[in-house]
Amino acid sequence: MAESENSTQSSYKRLKPKEFLKISAWILKFVYRINPKFASLYTGATILKRLSDIVNTVIMAQLVDSLVKAVQSKAFPLETVYYYLALIFGFNLIQTILELTTTWSWNSLSVTGRPGLRREFYKKINSLGIQTLEQPEINNHIHRADMYLGDIFNYLDRTIEMIASLVRFVALTIIISSFFPLFIPVVIGSAIPYFIFDKKQRSNLYKFINENTENQRKAGNTAGDLASSTYLQEIHLTQAFDFLDRKFWGFHDWYTKAWIKILTKWRVGISSLSVLSDLVIIICTAKVFTDAFQQLISVGTLLFRYRILNQFQDSIQSIFRGSNDLSEQAIRIFDVYYIFNATPAFPEGNTPLEKLEQGPAIELRNISFKYPNAESLVVENLSLKIKSGEKIAIVGPNGAGKTTIVKLICKLYRVTKGKILINNGDLADIYVVDWHKNLGVLFQDYNTYSQLTVKENIVIGNSDKPVNEDELVAASKHADAYDFIDKFPFKFDQVLGEKYKNGIRPSTGQWQKLAIARFFYRNAPLVIFDEPTASIDAVSEYNIFNKIYEFFENKTVIIISHRFSTVRNADRIIVLKDGQITEEGSHSELMKKNGQYAQAFLLQAEGYATEKIDTLSM
Ligand SMILES: Nc1ncnc2c1ncn2[C@@H]1O[C@H](COP(=O)(O)OP(=O)(O)OP(=O)(O)O)[C@@H](O)[C@H]1O
Ligand SMILES: [Mg+2]
């Protein structure tokens, strides 16, 4: 089928026993760390509960024997009966308490532990860095880890069941050895085919899931697009619904059928094999009954042995099933383990850096860069020195590498060759969190937090500090946003998603102004604006740019823009093409040079002029 042929072969993992133990230990340690109290309570109570079955069988057998003896001797010692009844009552009481403890501790563990686990998960992903998070394989792991995250608690449950089953197995083996030792290897032997077949089918199913993760992610994204109100607008207008629907359903139709085929083979197979094991038990039980009929054992002992044999079969099955369950889950949880043990693509550096007062001086020294998945270099042997407090503009065609250079300066990626120096110190050594404290970067794909208010959307730019209302208002004024905020029904407390109560939806340009306000409010020593005003009207753009140069006076500023009118006031303009600097200088220098910049500038100016003439002639 086309779908499976296309699928990226995600690395399928078969765990070695040592790895299995390592992952098991890691999971248990993890759960105990998240919630030690409930985890220990649950462990203790569950093991006691499982063992209580044997105790119950012993009490019942003794009760029956004493009843039979009483009937035979026609003497009825009431105290003995009362003694056993009291014992049964006490036993039931303990069982009830254990039941209560297990359910209560399990629920508490899940309720408190699951959000705790999710939090650990996003914290970890957050720490990995953009360069790591771009790799397709890491995304497959994240996708599956997200699916199987909750299994971590079930794993604890299964492990405890397994420990309880093993303890029960040992106790039952000792008891059975005294009257029917042959039973033990026979029952174990009869369960082995079941065990092997079950294991094989589980790994087939997991392999199948693994090989299709990437296609599943694509189908999931398509379904998300088809249910997203922001995407539906264009999907409706281009009548692309059926096209996308076919993509989603085409995959899932094939996927579910293939899945069910594997599942059916598995289920039918293990059911047939468990009939074999049942047959063995029936034959063995016949022996116990024969012994009783030959008066070799008492009724109580018959009852006791019969139940013990059944419990033994049950414990063998639960050990085999449990061990398959555990190894299957361990393979799944391996994805979670993998993410939690993943390391950033490059070290985050350990030289501390204080928050700078002045804008930093930046030097790009012969840098080259290739994206992790790409074949060729995006930036090649580029050198550039930016003075402290300098206002630099970078211009160039789409795909020239402007955003890439900014991302390298931000240490979101590591240069493939060369060095970036910040105030003469190697950026590779500077502790990344400290570096980010000194950055205010507005990217083309900036965030719009529609669930937050206007105020929160701005102060999030500097959320370590208590809110400064004066700076908030000033930032919104600098970004030419104050007037429209003032017209919102709830002003600075306005929620910015129309799908929330009392919410509204800002226009694209308004969103951009709010994002710019966020970076005025952040007021970092190095300010980078990557096409900050693409959706902003000409008058506001003029005001904002003047404000940027004035407000960030002693800060280093890098502006990327396609609109030449906005960059002409920069101290220096860098023209970038195919990852290399082709021209640099002030606006007037570059105009005099009459090169690439001057031609592009004149072309744009001519466009404006023609527009003017067109408008006038209308
Ligand atoms: N994460 C990525 N993985 C692989 N290639 C990438 C990645 N990001 C960008 N590129 C490639 O790097 C090149 C430079 O991209 P970049 O975003 O730096 O261009 P730009 O100059 O900012 O363009 P624009 O004017 O369109 O914003 C492009 O060819 C792009 O396809
Ligand atoms: Mg760009």
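Predicted model: local features only at pLDDT ≥ 70, side-chain atom pairs only at ≥ 80, totals over all residues.
Local features need pLDDT of at least 70 and side-chain atom pairs count only at pLDDT 80 or more, while totals for chains, interfaces and linings use all residues; side-chain values use heavy atoms, with hydrogens and water left out. Residues are numbered from 1 along each chain as its sequence is written, and chains are lettered from A and ligands numbered from 1 in the order in which they are written.

**Exercise 1. State which protein atoms are the donors of the magnesium ion (ligand 2), and locate their residues.**

Step 1. Donors are N, O and S atoms within 2.8 Å of the metal (3.2 Å for Na, K and Ca); water is not among the atoms, so sites may look incomplete.

Step 2. The protein donors are OG1 of Thr403 and OE1 of Gln444, at 1.9 to 2.5 Å from the ion.

Step 3. Threonine 403 belongs to helix H13 (residues 402–409), and glutamine 444 to the loop between strand E6 (439–442) and helix H15 (454–459), so the pair ties together parts that are 41 residues apart in sequence. Helices (H or I, at least four residues) and strands (E, at least two) are DSSP runs, numbered from the N terminus.

Step 4. Glutamine 444 is partly exposed because its relative accessibility is 42%; buried means under 20% relative accessible area, exposed over 50%, and partly exposed in between (1.4 Å probe, protein chains only).

**Exercise 2. Describe helix H18 (residues 508–522): its span, its burial and its cover.**

Step 1. From first C-alpha to last, the 15 residues of H18 reach 21 Å, close to the 21 Å expected at 1.5 Å a residue. The expected span is 1.5 Å times one less than the number of residues.

Step 2. H18 is mostly covered, with 12 of its 15 residues buried. Among them are Trp511, Leu514, Ile516, Phe519 and Tyr521.

Step 3. The cover of these buried residues includes E6, H15, helix H16 (469–478), helix H17 (482–487), strand E7 (526–530) and helix H19 (538–551). Here contact means heavy atoms within 4.5 Å.

Step 4. Arginine 518 lies in H18 and is buried, at a relative accessible area of 6%. Not counting residues up to four places away in sequence, arginine 518 touches Asn447, Tyr449, Asn457, Ile458, Ile460 and Gly461. With asparagine 457 the separation is 61 residues in sequence and 6.9 Å in space, C-alpha to C-alpha.

Step 5. Asparagine 523 follows H18 and has a positive phi, near 50 degrees.

**Exercise 3. Classify the packing of helix H2 (residues 17–34) against helix H12 (residues 299–340), and against helix H4 (residues 78–128).**

Step 1. Two packed helices are described by the angle between their axes and the distance between the axes. Axes are lines fitted to C-alpha atoms, for helices over the stretch in contact, and angles run from 0 to 180 degrees between N-to-C directions.

Step 2. H2 and H12 pack at about 70 degrees, their axes 9 Å apart. They are therefore roughly perpendicular; the classes are roughly parallel under 35 degrees, roughly antiparallel over 145, roughly perpendicular from 65 to 115, and oblique for the rest.

Step 3. The contact is made by Phe20, Lys22, Ile23, Trp26, Ile27 and Phe30 of H2 with residues of H12 including Leu326, Ala330, Ile333, Phe334 and Tyr337.

Step 4. The axes of H2 and H4 come within 9 Å and cross at roughly 110 degrees, which makes H2 roughly perpendicular to H4. Here Phe30, Val31, Arg33 and Ile34 of H2 meet Leu109, Gly113, Gly116, Leu117 and Glu120 of H4.

**Exercise 4. Are serine 315 and phenylalanine 38 buried or exposed, and which residues do they touch?**

Step 1. Serine 315, in helix H12, is buried at 0% relative accessibility. Not counting residues up to four places away in sequence, serine 315 touches Ser165, Arg168, Phe169 and Leu172.

Step 2. Phenylalanine 38, in helix H3 (residues 36–73), is buried with a relative accessible area of 12%.

**Exercise 5. Where are lysine 411 and asparagine 594 found, and what is the phi of each?**

Step 1. Lysine 411 is in the loop between H13 and strand E4 (417–422). Its phi is positive, about 65 degrees, although lysine 411 is not a glycine. Lysine 411 is buried, at 6% relative accessibility.

Step 2. Asparagine 594 is in the loop between helix H21 (587–593) and helix H22 (596–617). Its phi is positive, about 55 degrees, and asparagine 594 is not a glycine either. At 48% relative accessibility, asparagine 594 is partly exposed.
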